[in-house]
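Subject: Handover of a structure for your review

Dear colleague,

Please find below the structure that I am passing on to you. A written account of the findings follows it.

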Amino acid sequence: MSAHASTPGVVPSHRPRDVADVSRAPVAPRKEPAVCPTDDEAQIPRKTAKDKRSFDYLWRSGVAGGMAGCAAKTIVAPLDRVKILFQSRNPHFVKYTGSWYGVGGAIKEIYHQDGPFGLFRGHSATLLRIFPYAAIKFLAYEQIRALVIPHRDKETPFRRLMSGAMAGVTSVFFTYPLEVIRVRLAFETKKEGRSSLRSICKQIYQEGRSRKAALPAADSAGASASMARSAATAVAAPTSGLANFYRGFSPTLLGMLPYAGTSFLTHDTAGDLLRHPRISQYTTLPKPDNHPAGKPAPLRYWAELLAGGVAGMVSQTASYPLEVIRRRMQVAGAVGDGHRLRIGETARLIMRERGFRGFFVGLTIGYAKVVPMAAAAFYTYERLKMLFGI
């Protein structure tokens, strides 16, 4: 009896302990995440947001880039108008070039002549161009960067430079005709009989045809020689039609390589320096819950603006001479006989008129425009990425 009594007594005495031990093991970890989510759970949405080829990431990145470009361009629209007038040597504003006082005088004359809306002349075309341009640029940079720099150990300054350059070339190829239209609208200063968007497009499309029609009026010997030269020119560079919407496209491509390349390179490098462990507590923000895994901590507002401003200054200096050449080529039909100047011809013309300094006309106002524009663009883009969780 004692054996039988001890046997059933032992079984129930051990079973409660086993049940208690088993029940305690799974209960503790199950209750803890329900009250306070762990970092492992927070990483689940981060892995989904990290897929840069997903449609969700593409549209979020594109919208963020487009809105960043529009915000930046709106801030500097008056200075952009004045800079175009200086670069293109508008006859009414040549007297103002060369000093900060001239910038103020040009803005004052535009304001008195056309009112406050005159400072934003051509801005509607700017927004139509800049949204797709900035959207494609930032989106292309993210995609190209992911291909060129697949891993952290592959990240080098040269790869960053090439990623930015290719992104800039991609964006400008699709949006350049809108840029030509915008420059033409900003170039006009006559108070009466302003051209509409439709008339500007028609004028650009038909430029060069009048020169072809005038050829038969010349003498036979001169006409045949002129027609031969015109035919050769037409083969190399058409003087009318859709090709006119790509005036200055070659120097734009050449200028975009150093501009976009150095812009993204400088911004990313400055961001790395500002995130250095010794100063990161003063320059970075805590990572939000939806922060993508592996992405550096976001910068504080002043640090992000600083990185973007430095990027704008460096990129503007590197690409400004080609930008001046591009502006002169874009407005060639508005101030001359419609002849499409080549890069070399335009460069020689600028050198003959102003010398080497002519390639840097308006650089000061260029700094005043590009530095806040780049700062606002990168700041807006990074903050929208935080908001979108990408």
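This is a predicted model: local features need pLDDT of at least 70, side-chain atom pairs count only at pLDDT 80 or more; totals for chains, interfaces and linings use all residues.

Under the rule that a disulfide is a pair of cysteine sulfur atoms within 2.5 Å, the count comes to 0 disulfides.

Residues are numbered from 1 along each chain as its sequence is written, and side-chain values use heavy atoms, with hydrogens and water left out.

Overall architecture

The chain has 16 helices and 0 strands; both are DSSP runs numbered from the N terminus, helices being H or I with at least four residues and strands E with at least two. Of the 390 residues in the chain, 44% are buried. A contact means heavy atoms within 4.5 Å. Among the contacts in the chain with a separation of 6 or more, 76% are between residues 24 or more positions apart. The accessible surface comes to about 20600 Å², and carbon and sulfur atoms account for 65% of that area; such areas come from the Shrake-Rupley method with a 1.4 Å probe, and for residues only the protein chains shown count as cover.

Salt bridges

The structure holds 15 salt bridges, each defined as a side-chain nitrogen of Lys or Arg within 4 Å of a carboxyl oxygen of Asp or Glu. Three of them are described here.

In one of these, the side chains of R160 and E155 meet at 2.6 Å, N to O. R160 lies in helix α7 and is buried, with a relative accessible area of 7%. E155 also counts as buried, at 18% relative accessibility. Leaving aside residues up to four places away in sequence, R160 touches Y141, R145, I149, E155, G261, L265, D268, T269 and D272.

Another salt bridge joins the side chains of R184 and E207 at 2.7 Å, N to O. R184 lies in helix α7 (residues 157-187) and E207 in the loop between α8 (197-206) and α9 (209-213), so the pair ties together parts that are 23 residues apart in sequence. Both R184 and E207 are buried.

A further salt bridge, of 3.1 Å from N to O, is formed by the side chains of E353 and R328. This pair links distant parts of the chain, with E353 in helix α15 (residues 343-354) and R328 in helix α13, 25 residues apart. E353 counts as partly exposed because its relative accessibility is 39%, while R328, at 13%, counts as buried.

A buried lysine

K369 is placed in helix α16 (residues 363-388). With a relative accessible area of 3%, K369 is buried. Its side chain is joined to that of D80 by a polar contact of 3.0 Å. The term polar contact denotes a pair of N or O atoms within 3.5 Å; within protein, one must be able to donate a hydrogen and the other to accept it, and residues adjacent in sequence count only if both atoms are side-chain atoms. Not counting residues up to four places away in sequence, K369 touches K73, V76, L79, D80 and K83.

Surface and loop features

Y301, W302, L305, L306, V310 and V314 make a nonpolar surface patch of about 530 Å². Patches consist of residues with over 30% relative accessible area and no salt bridge, like charges being joined within 9 Å and nonpolar side chains (Val, Leu, Ile, Met, Phe, Trp, Tyr) within 5 Å. Y301 is located in helix α13 (residues 301-330) and counts as exposed, at 53% relative accessibility.

P116 is found in the loop between α5 (100-114) and α6 (123-148). P116 is partly exposed, with a relative accessible area of 45%. From C-alpha to C-alpha, P116 and P78 are 9.3 Å apart in space, and 38 residues separate them in sequence.

Notes
Buried means under 20% relative accessible area, exposed over 50%, partly exposed in between (1.4 Å probe, protein chains only).
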